[in-house]
Amino acid sequence: MKTKILFVEDDVVLRNNYVEILELFDFTVIPAEDGVEAMEILQHHDIDVIVSDIRMPRMNGLVFLKNVRANAKLVNTPFILLSAHAENADYENGIKSGANEYLTKPIRGKDLVNAIQNVIAEVQ
């Protein structure tokens with residue numbers, strides 16, 4: 001069975017590019033434009049990995065992550081944060097908030113795939 005990824009990114013071009021790359025690596029990808037839409041999707045789909053940008057309208061990635069970790073059904077779902085911010089404090093804040101991984105944009109497709117495979121391996 002294919003790994004199902006929820007990919008949350010407000011930039012439509014980036015979102016579409018990463019979805020296309022992940023599908024080439026044989027993942028099933030459900031896109032969302034922000035944390036609000038992503039929370040709605042999580043009510044109707046079983047997701048294996050969440051990949052989310054931090055800076056988004058309506059609900060940013062850190063608030064979305066907090067909501068995921070507060071949900072008993074989702075608490076252990078691997079979560080990768082994406083950000084254009086590469087400062088150590090940003091990374092530490094993302095990990096302390098409950099992310100399994102923090103990647104700095106721009107991200108090469110293969111690096112994203114490797115991160116997804118690594119967080120899946122961690123929970124198995």
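Two strands count as paired if DSSP finds at least two bridges between them. Strands (E, at least two residues) and helices (H or I, at least four) are DSSP runs, numbered from the N terminus.

Before I continue, two remarks on method. Residues are numbered from 1 along each chain as its sequence is written, and side-chain values use heavy atoms, with hydrogens and water left out. In this predicted model, local features need pLDDT of at least 70 and side-chain atom pairs count only at pLDDT 80 or more, while totals for chains, interfaces and linings use all residues.

Let me turn to strand β3. Strand β1, residues 4-8, is joined to β3, residues 49-53, by 4 bridges, and the two run parallel. Within this pairing, V49 in β3 is the bridge partner of I5, and I50 in β3 stands opposite L6. Strand β3 also pairs with β4 in the parallel sense, over 4 bridges; there, V51 has I80 in β4 as its bridge partner.

How many of the residues of β3 are buried? The count is 5 of the 5, so the strand is largely enclosed by the rest of the structure. Here, buried means under 20% relative accessible area, exposed means over 50%, and partly exposed lies in between, using a 1.4 Å probe and protein chains only. In a regular strand, side chains alternate between the two faces of the sheet. Both faces of β3 are covered: V49, V51 and D53 are buried on one side, and I50 and S52 on the other.

Consider S52, which is found in β3. Its relative accessibility is 0%, and S52 therefore counts as buried. Leaving aside residues up to four places away in sequence, S52 touches V8, G61, F64, F79, I80, L81 and L82; contact means heavy atoms within 4.5 Å.

Helix α2, residues 35-42, has G35, A38, M39, I41 and L42 buried. Why do the buried residues line one face of α2? Seen down the axis of α2, they fall within an arc of 160°, so they line one face of the helix; the arc is that of the directions from the helix axis to the C-beta atoms. As a general point, an α-helix has 3.6 residues a turn, so residues three or four places apart point the same way. The cover over the buried residues of α2 includes β1, β2, β3 and α3 (61-70).

The next topic is the aromatic rings. The structure holds 3 aromatic pairs. Rings of Phe, Tyr and Trp (its six-membered ring) pair if their centres lie within 6.5 Å; planes under 30 degrees apart count as stacked, over 60 as edge-to-face and the rest as tilted. One of the pairs is F7 with Y18: the ring centres are 5.6 Å apart and the planes stand at 40°, so the pair is tilted. F7 belongs to strand β1 and Y18 to helix α1, 11 residues apart. Both F7 and Y18 are buried. A tilted pair is also formed by F64 and F79, with 5.4 Å from centre to centre and 55° between the planes. F64 lies in helix α3 and F79 in strand β4, so this pair ties together parts that are 15 residues apart in sequence. F64 and F79 are buried.

I end with the loops. In the loop between α1 and β2, D26 has a positive phi near 70°, although D26 is not a glycine. D26 is partly exposed, its relative accessible area being 45%. R58 is likewise not a glycine and has a positive phi of about 65°; R58 lies in the loop between β3 and α3. Is R58 buried or exposed? R58 is exposed, with a relative accessible area of 62%. Finally, K105 and P106 are joined by a cis peptide bond, with omega about 0°, and P106 lies in the loop between β5 and α5 (109-123).
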